[in-house]
Amino acid sequence: MPDQMRKIVLASRPDGAPKPENFRLESADLPQPGDGEILVEVHYMSLDPYMRGRMDDAKSYAAPVPIGGLMEGGSVGKVIASNDPSFAVGDFAFGGFGWATHGVAPAKQCQKVDADGVPITASLGVLGMPGLTGWYGLNDIGQPKEGETLVVAAATGPVGSIVGQLAKAKGLRTVGIAGGPEKCEIATRDFGFDVCLDHRAYDDAKSLRAALKEAAPDGIDIYYENVGGKVLDAVLPLMNAHGRIPLCGMIAWYNAGGLGADAEGAGLTAPRLWRTILVNFLTVRGFIIANHWDKMPEFHREVAPMVADGRVKVKEDITEGLENAPQAFIDMLNGGNTGKAIVKVN
């Protein structure tokens, strides 16, 4: 067992988009597990948009990462020491071990990962937090019905891709929005979307809305909101009466450091937004998936067999090396990844 580990800490808070200098790679003594804890050698770590919010010192549903603190995140790896009977040395575990080569966490806050079934990276994406986010938002809030039309942005990402595939399996027309023709091809070819629009091909929300109107001639019943910005501006006037909007993210605005007046999509003023919701009887519900971990067993029962037999397709974008995590994270926030953003650590 090594006596040293490597980790990436928050060196400074970003002003706008994160830069490499906001992160710092450090070495530290290998932590030792206490009672009820496990020590894991991390094999893969997840990169997710929510991490950008943790870099700001602002009130939110979770405390910000302190300056000099370990960047937070989920990861999966092999147990190399255990002080809890639920995990044995050699087991694979998912937990919040952060941006590091090794991590300690209470066993009760970790999940055992089956290394003999689907790849262990699935615990970071399609069968992990992003997959659960897509499944819960679509079913519990979206309430999909056969014959309806669903729109989801970031259609090739880990949330958007599972939303589209599950909705298609339920008999909905699925319209994806993605950045670039390559991603749009992946959305239709691999993930089964009926159509996918390249938001970068449209200069403004008005022109994107015109294309959406053609792609969704019967209007939009469910808009799975994970982007905000120009896409929200384009979608909102096309929502059908009694439409539903599950809201799990707004990545287009994250690098603004908040929803400031200069943020893209700031033309969605409160009176306009509220009136549209009112006169179309829309249901808009924000959610944080951490409040719904109890749904994980039900989610796995439904979706894990679909992943195993290929009914749900998976695409991963894996970066080699912990030291390359900051740049991969920066690229992800700018749409540079294709599929679930993951870093191979060990």
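Tutor: Let us begin with the classes of residue: Ala, Val, Leu, Ile, Met, Phe, Trp, Tyr, Cys and Pro count as nonpolar, Asp, Glu, Lys and Arg as charged, and the others, Gly among them, as polar. By these classes, the lining of the largest cavity consists of 6 nonpolar, 7 polar and 4 charged residues. Please keep in mind that this is a predicted model.

How is such a space found? Rolling a probe the size of a water molecule over the atoms shows where empty space is left. The structure holds 1 cavity of 30 Å³ or more, and the volume of the largest cavity is about 110 Å³. Its lining is formed by 17 residues, and those nearest the centre are Val126, Pro158, Ser161, Val314 and Lys315. Helix H3 gives the most to this lining, with 4 residues.

Val126 and H3 also lead us to the largest nonpolar core. This core has 34 residues, and Val126 is one of those that touch the most other members, together with Leu127, Trp135, Leu150, Leu166, Phe299 and Val303. Helix H3 (158–169) supplies at least two residues of the core, as do helix H2 (129–142), strand S8 (149–153), helix H4 (181–189), strand S11 (220–224) and helix H9 (296–308). Beyond its neighbours within four places in sequence, leucine 150 is in contact with Leu138, Val163, Ala167, Leu172, Arg173, Thr174, Val175 and Ile222. Another core, of 30 residues, lies apart from the largest one and includes Ile8, Val42, Met51 and Val343.

The buried residues in H10 are Ala325, Pro326, Ala328, Phe329, Ile330, Met332 and Leu333. Just after H10, glycine 335 has a positive phi of about 80°.

Finally, consider the chain as a whole. The chain has 10 helices and 15 strands, and buried residues account for 51% of its 346 residues. Of the contacts with a separation of 6 or more, 67% are between residues 24 or more positions apart. The C-alpha atoms fill a box of roughly 60 × 45 × 35 Å along the principal axes. A compact globule of 346 residues would have a radius of gyration near 20 Å, and the chain agrees with this because its own value is 20 Å.

Terms used
Residues are numbered from 1 along each chain as its sequence is written. This is a predicted model: local features need pLDDT of at least 70, side-chain atom pairs count only at pLDDT 80 or more; totals for chains, interfaces and linings use all residues. Side-chain values use heavy atoms; hydrogens and water are left out. A nonpolar core is a set of buried Ala, Val, Leu, Ile, Met, Phe, Trp, Tyr and Cys residues joined through side-chain atoms within 4.5 Å. Buried means under 20% relative accessible area, exposed over 50%, partly exposed in between (1.4 Å probe, protein chains only). Contact means heavy atoms within 4.5 Å. On a 1 Å grid over the protein atoms alone, a cavity is a set of points where a 1.4 Å probe fits but cannot get out, and a pocket is an open set with protein on both sides within 12 Å along at least five of seven lines; lining residues have an atom within 4 Å of a point. Grid points are joined across faces, edges and corners, and a volume is the space filled by probe spheres set on the points. The radius of gyration is taken over C-alpha atoms; the globule rule is 2.2 Å times the number of residues to the power 0.38.
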